[in-house]
Each structure stands twice: as C-alpha cells, then as structure tokens.
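Keep the viewer handy and try each task before you read its solution.

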Amino acid sequence: MTAESALQAFVARDVPRIEGLPEGMTLEEAATTLGADPASFGRWFIGEAQDEVFYTQADVPGYEGGVRIWFRDGVVLEVTGAWPQMDTGALAALGDPDDRLDFRMDTLVVPEGERVYAARGLAVRLNRTEDRVVGLSVFPPTTPARYRDALRPADEYREVAIDDEPWLDEP
C-alpha cells in the first residue's frame with residue numbers, strides 16, 4: 001500500500017480498506033496529503049515507555065476533532081483522528097481485534113474500549129455504549145505488544161521533576 005492510498009482509506013474512514021501505513025512514511029508525504037503544516041507542531045508522549053514524539057494537526061472532513069500526524073525525526077509513527085463520522089457497524093467486517101485496551105476519555109475510563117487490530121495497523125476507540133467511534137488510528141502493521149509499548153498515545157501528560165534541581169529545594 002502506498003502512503004497516499006493508506007491515508008486516503010483513513011480519510012474516508014473505510015476501515016475494511018485500511019491496511020496500515022507503510023513503514024518509513026515521511027512527515028512531508030503525510031502533511032501534503034492531509035493538508036497539515038509540518039512547521040507547526042506540538043510535543044507529547046506515546047507508548048508505555050512514554051517516549052517523546054511530536055505531532056502536527058490537520059483539519060480533515062469527517063473528523064470532528066481533527067487529525068494528528070505523530071512523528072519523530074521526520075518519519076510518521078501514526079495518524080490519529082478524533083470523533084470520526086462513521087458507523088460502528090463497519091467494524092464487524094474486521095472480526096475480533098488482536099487486543100482490547102482500557103482508555104481514558106476525559107475523566108471517564110472506558111474498559112476495553114480501544115480495539116487494536118495491530119496486524120492491519122489499525123486501532124479504534126469506542127465510547128462506553130459502543131455506539132460511537134471516538135478515535136481512529138493508523139500505523140505500520142505491528143504486534144499488539146509493540147503497539148502498547150511504542151505507539152499508543154498517552155492518555156495524560158506528566159512532567160517528571162529531577163531531585164537535584166535547585167528550584168525544588170524547599171525554603
């Protein structure tokens with residue numbers, strides 16, 4: 001699958017056609033296809049290891065909350081879209097997921113609401129009643145363990161203070 005066809009399937013929210021992203025897709029390819037400005041980006045953490053990554057945003061029709069292109073060193077790791085307009089019935093064609101994970105939606109934890117189809121490079125987040133898709137992610141096909149360890153966006157941001165910093169000393 002080419003970078004363009006992979007992103008077109010994602011934009012169309014055509015989950016049966018989604019086969020993940022090609023390994024090594026460049027930020028420029030994704031930004032051009034999705035209409036993002038790679039010079040405007042934010043910083044976050046992904047995976048259980050909380051590795052630092054960057055993202056740039058794009059307004060893509062059919063995604064109420066926009067789309068983020070997650071990257072490191074100019075290579076796309078994953079593309080995520082919030083509140084995609086799609087029918088949850090489309091997921092039936094995918095069969096059973098490789099993994100089911102809990103995720104946080106604001107202050108609510110949705111037990112097993114994230115369905116990970118790691119071998120096809122797809123993760124889908126459903127609301128608690130499973131009648132609305134709240135997130136759609138595509139990434140290079142992988143294993144469930146690698147998705148958890150290296151690709152899954154962190155639910156919250158945490159700064160870590162270093163004990164030997166002088167500004168931490170109390171008066």
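**Exercise 1. Find the largest nonpolar core and the elements that build it.**

Solution. Start with the core itself: in this predicted model, the largest nonpolar core holds 32 residues. Val79, Leu122 and Leu136 have the most contacts inside this core.

Next, look at which elements contribute. Two or more residues each come from α1 (3–11), α2 (27–34), β3 (67–72), β4 (75–82), β7 (122–126) and β8 (133–138). The largest share belongs to α1, which gives 5 residues.

Now zoom in on Val79. Leaving aside residues up to four places away in sequence, Val79 touches Leu7, Phe10, Leu21, Leu34, Val67, Arg68, Ile69, Leu136, Ser137 and Val138. A contact here is a pair of heavy atoms within 4.5 Å.

Finally, select Leu77, Leu101, Val116 and Leu151: they are among the 12 residues of a second, separate core.

**Exercise 2. Describe the largest pocket: how much space lies in it, and which residues line it?**

Solution. Begin with volume: the largest pocket contains about 670 Å³ of space.

Then turn to the lining, which is made of 28 residues. Ala82, Arg104, Arg125, Val134 and Pro153 are the lining residues nearest the pocket's centre.

At least two residues each are supplied by β2 (51–58), β3, β4, β5 (99–105), β7 and β8. Of these, β8 gives the most, with 4 residues.

Conventions:
Residues numbered from 1 in each chain as written. Predicted model: local features only at pLDDT ≥ 70, side-chain atom pairs only at ≥ 80, totals over all residues. Heavy atoms only, no water. Core = buried A, V, L, I, M, F, W, Y, C linked by side-chain atoms within 4.5 Å. Buried < 20%, exposed > 50% of the residue type's maximum accessible area, 1.4 Å probe, protein only. 1 Å grid on protein atoms, 1.4 Å probe; cavity = no way out; pocket = protein on both sides within 12 Å on 5 of 7 lines; lining within 4 Å. Points joined across faces, edges and corners; volume = space filled by probe spheres on them.
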